[in-house]
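Please look over the sequence and the model shown here before reading on.

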Amino acid sequence: MLVKWWMVTNDITEVLGMGSYLNPGCKGFEESLNSAIYVDKTGLIEKINAVVNTRQKYICVSRPRRFGKSMATDMLAAYYDQSVDTARLFDTLQIAKAETYQKYRNQYDVLKVNMQEFLSMTHSMDEMLAVFQKRMIADLKRGYPDYVMDGEDSLVFAMKDVYAHTKCPFIILIDEWDCLFREYKQDKEAQKKYLDFLRVWMKDQEYVALAYMTGILPIKKYGSHSALNMFTEYSMTNPREMAEFFGFTEEEVHALCATYKRNFEEAQAWYDGYELVAMDGENPKIYSMYSPKSVVDAMLSGLYDNYWNQTETYEALKIYIQMNFDGLKDAIVRMLAGDRVEINTGTFSNDMTTFQNRDDVLTLLVHLGYLSYHWMDKTVSIPNKEVSQEYVNAISTMDWHEVIDSVEASKNLLESTTTERQKRIRV
């Protein structure tokens, strides 16, 4: 069984040199382990170990909200952080079976940051980067007072100096890396400055053993600027070997339903529908991924319901589906009826403002979790009953009279999505 439950005691080896950002310890991951439901995703660590200290050490994972990105970042921090011995946390988990388990566990200095924290507390890009560097350097100074110069204001120089003395490279973990592009949507100069900073900080630096970022949007095509072209991206449209580690697999949901005595078919109807493709040798392997927060809420409460609106509102969806692109309204109507719509994801600029056609809007909705992308036939569909309800909520407040009439005329609208999806052949 892939589902594991753990009650972790608090007598962890004493933490040495723990900071706010430098070697933050394992509290975040401990909280996940101590939660009522924990699904073992430590197999991700083995994938990451394979690229540490290689040319492929730059990784960016983009997923919708509520898909376990922050939990994975906490897990990686706990595993690599050299200031604490986390054998007690990991020895009984899946990663302990990997050949690389002991080699990399607790062997690195870790810098773990959530960029949303700095964005929320500042009022400009210059201020944000200044505060960010100040806080990182302060942590480095506390951890290595003899190696960081007094008055140092360059994060790059501070990390170079620490690495020159310790020869221990850093694991850099950045959560919500793309928050600026979601809140400074129109400020191209601020976006370029931010990308340039990240490039100078991380690209071709000897002190980087791994740079791992998570966000909602892919990074490759923000305008014409390619400052972060060293990153390998794992997105909702091209997840590859990261497919099974963000969200719950069908096997994991089966196990949860058995444990909690819940109806699996209901869970499938409400929360399934995200089709992510990886390669198994030369053959594609299709994972049916479930929204983890919604599954957990349903298991614990016993109620299958729309939990999406606890972290998103239909207003966010409404902004995009009411854009006046030819064919967009027809595509939404078809998908509400359970159909799939062909899509070209290649023209999407990976931001939330640059849209040239219907397909760009639909591609954004894939990254936001409002649509599922089917790689095999290059189509999209509304993934499940939960998300279908968000479309109905959004459309009911819009001037789409013909669509509203169709919704009201069909009492089985939401069920039709479920019926069509259940007919699909699962690979």
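## Basis of the report

The structure is a predicted model.

## Salt bridges within helices

The count of salt bridges in the model comes to 17. In general, side chains of opposite charge can pair when their charged atoms come close.

One of these pairs joins Lys-27 and Glu-31, whose closest N and O atoms are 2.4 Å apart. Both residues belong to helix H1 (residues 27–34), and because they are four residues apart there, about one helical turn separates them. Lys-27 is exposed, with a relative accessible area of 57%, while Glu-31 is partly exposed at 44%.

A salt bridge also links the side chains of Asp-297 and Lys-293, with an N to O distance of 2.9 Å. These two residues lie four apart in helix H13 (residues 292–301), so they too are separated by about one helical turn. Asp-297 has a relative accessibility of 19% and therefore counts as buried, the limit being under 20%. Lys-293, at 27%, is partly exposed.

Arg-340 and Asp-377 form a salt bridge in which the closest N and O atoms are 3.0 Å apart. Arg-340 is in the loop between H15 and strand S8 (341–342), and Asp-377 is in the loop between strand S9 (372–374) and S10, so the pair ties together parts that are 37 residues apart in sequence. Asp-377 is partly exposed, with 39% relative accessibility.

Elsewhere, salt bridges connect Glu-176, Asp-178 and Arg-182 in a network.

## Surroundings of Thr-379

Asp-377 has a further partner: its side chain makes a polar contact of 2.7 Å with the side chain of Thr-379. Thr-379 lies in strand S10 (residues 379–381). Its relative accessibility is 7%, so Thr-379 counts as buried.

Which residues does Thr-379 touch, not counting those up to four places away in sequence? They are Arg-340, Val-341, Glu-342, Ile-343, Ser-372, Tyr-373 and His-374. Among them is Arg-340, the residue that forms a salt bridge with Asp-377.

## Buried residues of helix H14

Helix H14 spans residues 314–321, and its residues Leu-317, Lys-318, Tyr-320 and Ile-321 are buried. What covers these buried residues of H14? The cover includes three helices: H15 (328–336), H16 (358–368) and H17 (385–395).

Note on methods: Residues are numbered from 1 along each chain as its sequence is written. This is a predicted model: local features need pLDDT of at least 70, side-chain atom pairs count only at pLDDT 80 or more; totals for chains, interfaces and linings use all residues. Side-chain values use heavy atoms; hydrogens and water are left out. Buried means under 20% relative accessible area, exposed over 50%, partly exposed in between (1.4 Å probe, protein chains only). A polar contact is a pair of N or O atoms within 3.5 Å; within protein, one must be able to donate a hydrogen and the other to accept it, and residues adjacent in sequence count only if both atoms are side-chain atoms. Contact means heavy atoms within 4.5 Å. A salt bridge is a side-chain nitrogen of Lys or Arg within 4 Å of a carboxyl oxygen of Asp or Glu.
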